[in-house]
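The following note sets out points on the structure shown below. Please read them alongside the sequence and the model.

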2 protein chains.
Amino acid sequence: MRFGILSPNCRKERFIGQAMTQISTKPPSGMRDFLPEEIARRRYVIGRVREIYEQYGFQPIETPSIENLSTLVGKYGEEGDQLLYRILHRRDALRRALDEEQVQEADLADLGLRYDLTVPLARVIAQYGNLPRFFKRYQIQPVWRADRPGRGRFREFYQCDVDVTGTSSLLAETDVLSAVARVLQSLGFEDFTIQVNHRKLLTMMISSVGIDLADEESALVAVDKLGKIGEEGVLKELDQRGIEGPKAEALLQLIATDKTEDNAAIAARLSSALGSDKADTAIAQLIEIIETSATGPAAGRLRLSPGLARGLGYYTGPIFEITVDDLAGSLGGGGRYDDLVGMFGKQAVPAVGFSLGLERILLVMEERGMYPPLQVGPQLVLCSMGVDTSQVFKVAEELRQQGLRVEIYPEPAKLGKQLQYADSDGVRAPCAAILGEDELENGSLTLKALASGAQETVPVSEVAARLGALLDAPPAD
Amino acid sequence: MRFGILSPNCRKERFIGQAMTQISTKPPSGMRDFLPEEIARRRYVIGRVREIYEQYGFQPIETPSIENLSTLVGKYGEEGDQLLYRILHRRDALRRALDEEQVQEADLADLGLRYDLTVPLARVIAQYGNLPRFFKRYQIQPVWRADRPGRGRFREFYQCDVDVTGTSSLLAETDVLSAVARVLQSLGFEDFTIQVNHRKLLTMMISSVGIDLADEESALVAVDKLGKIGEEGVLKELDQRGIEGPKAEALLQLIATDKTEDNAAIAARLSSALGSDKADTAIAQLIEIIETSATGPAAGRLRLSPGLARGLGYYTGPIFEITVDDLAGSLGGGGRYDDLVGMFGKQAVPAVGFSLGLERILLVMEERGMYPPLQVGPQLVLCSMGVDTSQVFKVAEELRQQGLRVEIYPEPAKLGKQLQYADSDGVRAPCAAILGEDELENGSLTLKALASGAQETVPVSEVAARLGALLDAPPAD
């Protein structure tokens, strides 16, 4: 094994005698350092996501990590605002705030860290007039939430978003779902389900059981936890939120689905229970998305899930979430949010999007062993004996010009020590290249495959061409 | 022109009648949105940097955006601490702080945003015991500084760092300088200079003119601005910092170099002026780096610059900065910092590194027109007439499987309108693919090159293979 991400310090014990200060060398809670092997896995997945998103016609944007708090606050529902990271004022602004008789949080910050990639997109749509009418954008960046860290849940984590703005057509829903389904397939996922529901259907279900619409958001926050805390948990939370038992139970009965119910059966049951044209329109939209998706990568994956709520406040139409059986929570979610761009005080622009959660995808791929072999680190460590350093650099330069990843052993040392380093943890180069006086004179290098011990002296100009065969050679006796 | 990064809102005027709230849609001061064309340029440069850094044997890591303030404070010299972004406490911690009789900045935050990539590396080296003995790491991530925004200077900007830890050998300096020089060459820079100096030489110059060593850091902050504010400016600032005129002038005379002086002449002059073994050792180190670099990409680029100071507090040995004539400030800088890892209270680990400033590189490349043509956006917009949407998706899927970047026109519309969209700003697809009833029946598509008007009906399975030739076809009459 090469070095991964979580390796407690082993050097500590060697230096107990030394004066030690109290500066922690760990990253803050919920944050992570990524060492090379982990970076390789992250890049592999991000590279796939980009490639597929671009095939589906999406174009990349990036937005700043820091946004005005006025952009962020009030967009994420009751829990979101509490999880925002705020940036403390500096200098004069801070001094003014601290001079107040009663210092308030609102006086101390007007900037915050990006909480998701959807609200910044809405701001971008409102800001720039020269975007395409249908803006198909993707965005892969970290976001920050001061949430309780847990399995696959961090305070800094990447989202991989695709969105289509500018159209109310449900083809946009299908496009977005096709793209994320293809991403997952291309990474090797064969067992995911795309849960679909409709925000308006949720509203109608809530009012149909007699829950006051003033309690809608509160009820949805509870319902949204169904997958995490189960029916009992949701009933308890609905109770705590002041929703009476019989209503809560009626709501749960509406949203609970039987595994034997197919989409048509669920649709028919809901239509009959809600008995309204509005409900039928929402149901018909979901059925249309399912049917249009039937020729693409999302075919057979979509399932009507009347209990799916999505915690965020900005959804207005169809909503989605992708789940796999071995992960509580989801691999990502999304939906239609036709009012968000208009919240920036300009033209209303309809929009729909989906956010894949990179960390969850990585977690499941890790646990299932879904990664292909990934190249990490140098291909060659250049070891030298009795050769002037400028000559060592010259040879290294020739190898690098051949496209090889070459590390130079940087200190005078015995050859054995240099070779040992080349094969040590964290370097684990497949091959060492030895440059002695003979090799220098002949313009050659002695290559040594570190796993097999196979060895060959080749012209410097042919190292890249010969390396593969040497590494495939059978072990030396 | 496709859409770039700075496009004021043009939609505003169209909706004057609408109620408008006061939420700004601009990013915060010093922060930027990047639209697709700008992303393409950033990715091109970052891709080159990665590729070259890896050829030089460096391996990638990433660290969190948020660090403990205890990690950051006191590492960046007198100005650095003031430019740190601090994260405001939340909930209980904030309430406790605000309950204090006299609220202090220190009570309000214990986390801050990453200010550079060097201090986090030092923390990583101190934290993980399983890193290679010589850890050659690179890191390309944003950092945040609450600095005054200016030309090529932002509050969120990317650094591209390479560092070698674990060795005092000057080969590490040469390795790092070779890597960054090759990066710049591979991007097309042919005119850069690598200024080199030595932190210990600066100390000796300062004490040799009689400036109190207690004023060293203060004097260095002033001297570091020589390139920006000129000799007069530095003298004025030294004066403001309480350094007497004759001493300041003597210092400036030591560090000023004549364009006709070569490295050997500057070395000889400094050696004679300082007249100490310690100074000669430092000078000899710089000469060794220059000589070892003579066979690689940094050959002929290094210049002794006794006035180079580097603002950051942590350097201990050779220091570097890369400049080009048409940019005040630098494309990047670095140096040796043997004491930084030890500041985390554990083993001292020698280290040297260099940080290329991505934004500066992009700025100069933009101004000089150094970018190759870069692909942005979809290759095909799929336009359909009278075809069922699930069939449109099926055809799009086949095209995407061929590796093509395909956007689907998402709404029912006349063909002319669809074609106009495909050629509109921000989409500017080279080609439209028309799917009508005839094409659907024949398993074909009509391709239309949007620049030339050239048109051809081809089997769906051959679109990718035929696209290049169609786009090269001469314009239709």
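1. Strand S15 (residues 444-449) of chain B is joined to S16(B) by five bridges, and the two strands run antiparallel. Within this pairing, B:Lys448 stands opposite B:Gln455 in S16(B). Strands (E, at least two residues) and helices (H or I, at least four residues) are DSSP runs numbered from the N terminus, and two strands pair if DSSP finds at least two bridges between them.

2. This is a predicted model, in which local features need pLDDT of at least 70, side-chain atom pairs count only at pLDDT 80 or more, and totals for chains, interfaces and linings use all residues. Residues are numbered from 1 along each chain as its sequence is written, while chains are lettered from A and ligands numbered from 1 in the order in which they are written.

3. S15 and S16 belong to an open sheet of five strands in chain B, with the order S13-S12-S14-S15-S16 and mixed pairing. Strand S13 (406-408) and strand S16 (455-459) of chain B are the edge strands, each pairing on one side only. From one strand to the next, the twist averages 30°.

4. Helix H16 (residues 415-422) of chain B lies across strand S12 (380-384), strand S14 (431-435) and S15 of chain B, and runs at about 170° to S12(B). Axes are lines fitted to C-alpha atoms, for helices over the stretch in contact, and angles run from 0 to 180 degrees between N-to-C directions.

5. Chain A is divided into domain 1 (26-65 + 114-190 + 324-376), domain 2 (193-301) and domain 3 (380-472); these bounds come from an automatic or database domain assignment. The centres of domain 1 and domain 2 of chain A, taken over C-alpha atoms, are separated by 25 Å. Twelve residues from domain 1 and 13 residues from domain 2 of chain A make up the contact (C-beta atoms, placed from the backbone, within 7 Å). Helix H7 (residues 171-186) of chain A supplies the largest share of the domain 1 side, eight residues.

6. A rotation of 180° with 0.0 Å of shift along its axis superposes chain A on chain B, with RMSD 0.0 Å. The two copies are thus related as by a two-fold rotation axis. Superposition is by least squares on the C-alpha atoms of residues with pLDDT of at least 70 in both copies.

7. Between the chains, 104 residues of chain A are in contact with 103 residues of chain B. On the chain A side, helix H15 (residues 389-401) gives the largest share, six residues. Of the interface residues of chain A, 99% are also interface residues in chain B, so the copies meet through the same surface.

Definitions and conventions
Contact = placed C-beta atoms within 7 Å.
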